[in-house]
Amino acid sequence: MDALAFTEGTCRGGALLHLKTAYQCLLPLAGAFGPAIARADAAACTENAQRVKALLDSSTPLLEFMQNQRRVFLRIVFSTVPPPGRIARRLLYLDDYDWDYLMKPKTAPLEALNRYLLRWEAEAKKPATEVVPPEQPAELEGLISDERLDPGEIRRHFAWHHYRIARLRLVYAALRLEEVRKRTGRYPDTLESLGLGDYATDPFSNSPLRYRRTGAGYALYSVGANGKDDGGTAPPGGELNQGDILL
């Protein structure tokens with residue numbers, strides 16, 4: 001649970017880059033939560049479920065990450081200087097690319113960038129199943145020196161956010177399931193009986209997390225970024241867009 005709290009702390013109030021960091025922190029933990037939860041007693045399950053619920057309650061929404069990223073991008077593009085001459089150029093230690101970039105007029109591209117990112121903010125309000133990546137305007141070509149404006153790249157950050165939320169919800173549900181088993185001797189037949197509310201929803205499909213009893217145990221998973229139920233099959237090689245996200 002400390003790892004989850006640390007990950008949430010690293011991305012709270014951040015921009016899109018922090019979502020990638022959170023995903024990279026969580027990925028090695030895949031498969032570790034189930035055995036740890038199974039070993040916990042009922043009191044520990046109750047306590048840790050409350051901790052995870054608090055993390056979910058305070059989790060930064062995707063829209064806020066996107067709004068912060070828009071501020072970062074606009075600040076990068078807006079940070080131009082008037083032509084200061086050769087001396088200032090030497091003082092700034094700029095190579096030719098940086099110098100050309102700083103001297104390039106940015107009013108029209110800045111407006112285009114703002115409109116583009118505002119469209120992404122509108123998409124960030126939607127469920128993952130309804131997101132339609134905006135087309136990148138031609139005016140933005142070469143505006144920022146990397147590929148961070150590419151629609152596919154921004155969409156990947158959206159998926160990393162949903163992975164983080166799915167992981168928290170899976171752990172929360174598993175703790176509540178184990179709490180019931182330790183107190184009653186068996187797992188419940190449905191997640192609905194646990195009263196998880198919205199936290200029983202899979203952020204990738206906007207439908208309930210997949211849960212079924214399997215003999216003395218259970219299967220619990222998210223359908224993952226491909227939005228398809230692969231029967232509880234973990235993604236090969238850790239690819240986010242293939243297979244399901246298991247506990």
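Where does Asp244 lie? Asp244 sits in the loop between strand E4 (217–222) and strand E5 (245–246). The views below take up charged side chains, ending with this residue.

The model is predicted: local features need pLDDT of at least 70, side-chain atom pairs count only at pLDDT 80 or more, and totals for chains, interfaces and linings use all residues. Residues are numbered from 1 along each chain as its sequence is written, and side-chain values use heavy atoms, with hydrogens and water left out.

View 1. A salt bridge is a side-chain nitrogen of Lys or Arg within 4 Å of a carboxyl oxygen of Asp or Glu. Searching the whole structure gives 14 of them. Helices (H or I, at least four residues) and strands (E, at least two) are DSSP runs, numbered from the N terminus. Asp57 is partly exposed at 46% relative accessible area. Lys53 is also partly exposed, at 33%. Buried means under 20% relative accessible area, exposed over 50%, and partly exposed in between (1.4 Å probe, protein chains only).

**View 2. Arg181 meets Glu178 in a salt bridge.** The N to O distance is 2.7 Å. The two lie three residues apart in helix H9 (residues 151–184), about one turn of the helix. Arg181 is partly exposed, with 27% relative accessibility. Glu178 is buried, at 1%.

**View 3. Asp189 and Arg213 form a salt bridge.** N and O are 3.0 Å apart. Asp189 is in the loop between H9 and strand E1 (201–202) and Arg213 is in strand E3 (residues 210–214), so the pair ties together parts that are 24 residues apart in sequence. Asp189 counts as exposed, at 51% relative accessibility. Arg213 counts as partly exposed, at 32%.

**View 4. Salt bridges link Arg176, Glu179 and Arg183 in a network.**

**View 5. Asp244 is buried and has no salt bridge.** Which side chain of opposite charge is nearest to Asp244? That is Arg210, 7.3 Å away. Lys and Arg count as positive and Asp and Glu as negative; His and the chain ends are not counted. The Asp244 side chain instead reaches the backbone nitrogen of Gly232 at 2.7 Å.

Terms used: Polar contact = N/O pair within 3.5 Å; in protein donor to acceptor, adjacent residues only side chain to side chain.
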